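Here is a short briefing to read with the model open beside you. Keep the sequence handy too, and follow the residues from one topic to the next.

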Amino acid sequence: MLALEVYGKIFEKLNTPSNGRRRPWGNFIGSLSPGLFVYYQFAKEEEKLLFLKIIGTHYLAMGKEIVYTLNGLIGCLLTGLDEQNSDIIKMTQDIFEELEKKVGTRAFMGVLWQMVLTTPKVRTYTLKFLLQFIPILEFERVA
């Protein structure tokens, strides 16, 4: 839990304007994200909720710059869809909605399909998530 609190403080500092300007995330995000993303899949339930709050508050605030971490972020968040806790699932789905708005449907879906093709660890989670977007067709039986 302490590690997440430290990350939260770092992100607060990065989000604080310096000389009237917001600091560029691109300089820091590549070095901060890998440790944070790996942590999520092994975290306890309450730690996952704190993690999702950090993502919702700080990562989504990056705007289009979030595209630099999109693969890692989506890959780690997909594991949260397997949780039994409805709060974690709801927060994860809300973050996915916001991510899609920030980076666009093409980039968002592209990363999801890339996960299906290249990452066996999250393939099942990704396919379950993608099933939400495929319309169910009903066919009439011809006798």
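**A residue to start from**

Leaving out residues up to four places away in sequence, Tyr 59 touches Phe 11, Ile 29, Ser 33, Leu 36, Phe 37, Ile 54, Ile 66, Thr 69 and Leu 73, where touching, or contact, means heavy atoms within 4.5 Å. Please bear in mind that this is a predicted model, in which local features need pLDDT of at least 70 and side-chain atom pairs count only at pLDDT 80 or more, while totals for chains, interfaces and linings use all residues. Residues are numbered from 1 along each chain as its sequence is written, and side-chain values use heavy atoms, with hydrogens and water left out.

**Overall build**

- The protein chain has seven helices and zero strands; helices (H or I, at least four residues) and strands (E, at least two) are DSSP runs, numbered from the N terminus.
- Read from the N terminus, the order of elements is α-α-α-α-α-α-α.
- The chain has 143 residues, and 38% of them count as buried; buried means under 20% relative accessible area, exposed over 50%, and partly exposed in between, with a 1.4 Å probe and protein chains only.
- Among contacts between residues at least 6 apart in sequence, 63% join residues at least 24 apart.
- Carbon and sulfur atoms hold 57% of the accessible surface, which comes to about 8,900 Å² (Shrake-Rupley method with a 1.4 Å probe; for residues, only the protein chains shown count as cover).

**The nonpolar core**

- Which residues touch the most other members of the largest nonpolar core? They are Phe 51, Tyr 59 and Leu 99, in a core of 37 residues.
- The elements that give two or more residues to this core are α1 (2–15), α2, α3 (45–59), α4, α5 (86–103), α6 (105–118) and α7.
- A nonpolar core here is a set of buried Ala, Val, Leu, Ile, Met, Phe, Trp, Tyr and Cys residues joined through side-chain atoms within 4.5 Å.
- As background, nonpolar side chains tend to be buried together in soluble globular proteins.

**Leu 4 in helix α1**

- Leu 4 lies in helix α1 and is buried, because its relative accessible area is 1%.
- Beyond four places in sequence, Leu 4 touches Leu 36, Tyr 39, Glu 47, Leu 50, Phe 51 and Ile 54.
- Leu 4 and Lys 48 are 44 residues apart along the chain, with 9.5 Å between their C-alpha atoms.

**The largest pocket**

- The largest pocket has a volume of about 180 Å³.
- Its lining is made by Pro 34, Phe 37, Val 38, Gln 41, Gly 72, Gly 75, Cys 76, Thr 79, Met 115, Thr 119, Lys 121 and Val 122.
- The elements giving two or more residues to this lining are α2 (26–42), α4 (70–78) and α7 (120–130), and α2 gives the most, with four.
- By class, the lining has six nonpolar, five polar and one charged residues; Ala, Val, Leu, Ile, Met, Phe, Trp, Tyr, Cys and Pro count as nonpolar, Asp, Glu, Lys and Arg as charged, and the others, Gly among them, as polar.
- On a 1 Å grid over the protein atoms alone, a pocket is an open set of points where a 1.4 Å probe fits, with protein on both sides within 12 Å along at least five of seven lines, and lining residues have an atom within 4 Å of a point.
- Grid points are joined across faces, edges and corners, and a volume is the space filled by probe spheres set on the points.

**The loop between α4 and α5**

- Thr 79 sits in the loop between α4 and α5 and counts as buried, because its relative accessible area is 11%.
- Apart from neighbours within four places in sequence, Thr 79 is in contact with Tyr 40, Gln 41, Val 122 and Tyr 125.
- Asp 82 is also in the loop between α4 and α5, and is partly exposed at a relative accessible area of 38%.
- Asp 82 and Thr 124 are 42 residues apart in sequence and 9.7 Å apart, C-alpha to C-alpha.

**Two residues of helix α5**

- Not counting residues up to four places away, Thr 92 touches Tyr 40, Leu 52, Leu 77 and Leu 81.
- Asp 87 is found in helix α5 and is partly exposed, with a relative accessible area of 46%.
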